[in-house]
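Dear colleague,

Here is the structure I said I would pass on. My notes on it follow below.

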Amino acid sequence: METGKEIVEGAVEHGPTAGEYIVHHLTHLNTTGHAQKAVIDFSILNLDTLFFSVLVGVIGLFVMWRVAKSVNSGVPGRLQAAVEIVLEMVNNQAKGIVHSEQSRKFVAPLALTVFIWIFLMNSMDFLPVDLLPRIWQAAQGNPHAFLRVVPTADLNGTLGLSIGVLLICIYYNIKIKGLGGWVHELFTAPFGSHPLLYPINFLMQMIEFLAKTISHGMRLFGNMYAGELVFMLIALMGAAWAGTASGAMLWVGGVLAGSIWAIFHLLIVALQAFIFMMLTLVYIGQAHEGH
């Protein structure tokens, strides 16, 4: 099987086909410096995912800091009003799910951070498909350099976020119930405290933690990956211009389809950030409850 790099290099003479174009755009800039087959290798880091995750996180923190610094009791500006709406929404959701006021002092800001961060990472999908990759290729002097700009379209990134939520849930399980109480719960719930049921209870608890963590990350990844693919297909329509009537129609169709999909995708971007935030609150809320 050819790697993404081999496919792209083979397209130098004749120009990339639709398949080669998509393969190239779905290949990460990683620590190996070239495309990788679908193998599990924890020594490989997707540098583009890390870079853009940190970049939009810093931008989000800066914007929130500026808004907080300029808050006044008079008529708020549009940005301050938008932040206040989001803040009130997150705070109300946190109150309804996490009943410990002490825990909410950390959990509510965490949920706000998760929502804004994921919303910004998802929003990278609205940039023209070829814009940043072309800039990167020009800077590298390599027309085949790889770059993906949507961190949440990388399963490594979304699973990293969900594992972070898992660790917070474990922390609150131990903090609220005590280490002994949590271990006791692992072996006695959900089927009861009986020595014969201990292995089954523990297995069910591990399956629950694993299923919640994987589904939490894969739900976000699946939606954003699909959205990214649609934008690539629309970009291929726009690239069909060849000075012919049919090419012109495809180009116009690409512009219309891209505009319509971008409007619809805005709902997906916000909804997926909201769902990830809500599941984060739900899982942390469950950590506060005993079976």
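A search of the whole structure, which is a predicted model, finds 11 aromatic pairs. One of them joins F51 and F52 edge-to-face, with the ring centres 5.1 Å apart and 75 degrees between the planes. F52 is buried, at a relative accessible area of 6%.

Y171 and Y172 also form an edge-to-face pair, at 5.1 Å centre to centre and with 75 degrees between the planes. Y171 counts as partly exposed because its relative accessibility is 46%, while Y172, at 3%, counts as buried.

D154 is buried and has no salt bridge; R148, the nearest side chain of opposite charge, is 5.8 Å away. The D154 side chain does make a polar contact with the side chain of T49, at 2.7 Å. Leaving aside residues up to four places away in sequence, D154 touches H28, N46, T49 and F221.

As for the protein overall, the secondary structure consists of nine helices and zero strands. Of its 291 residues, 36% are buried. Among contacts with a separation of 6 or more, 69% are between residues 24 or more positions apart. The accessible surface comes to about 16400 Å², and carbon and sulfur atoms account for 71% of that surface.

Regards

Technical notes:
Residues numbered from 1 in each chain as written. Predicted model: local features only at pLDDT ≥ 70, side-chain atom pairs only at ≥ 80, totals over all residues. Heavy atoms only, no water. Helix = DSSP H or I, 4+ residues; strand = E, 2+ residues; numbered from the N terminus. Buried < 20%, exposed > 50% of the residue type's maximum accessible area, 1.4 Å probe, protein only. Contact = heavy atoms within 4.5 Å. Areas by Shrake-Rupley, 256 points an atom, 1.4 Å probe, with all protein chains shown as cover. Lys, Arg positive; Asp, Glu negative; His and termini not counted. Salt bridge = Lys/Arg side-chain N within 4 Å of Asp/Glu carboxyl O. Polar contact = N/O pair within 3.5 Å; in protein donor to acceptor, adjacent residues only side chain to side chain. Phe/Tyr/Trp six-rings, centres within 6.5 Å; stacked < 30°, edge-to-face > 60°.
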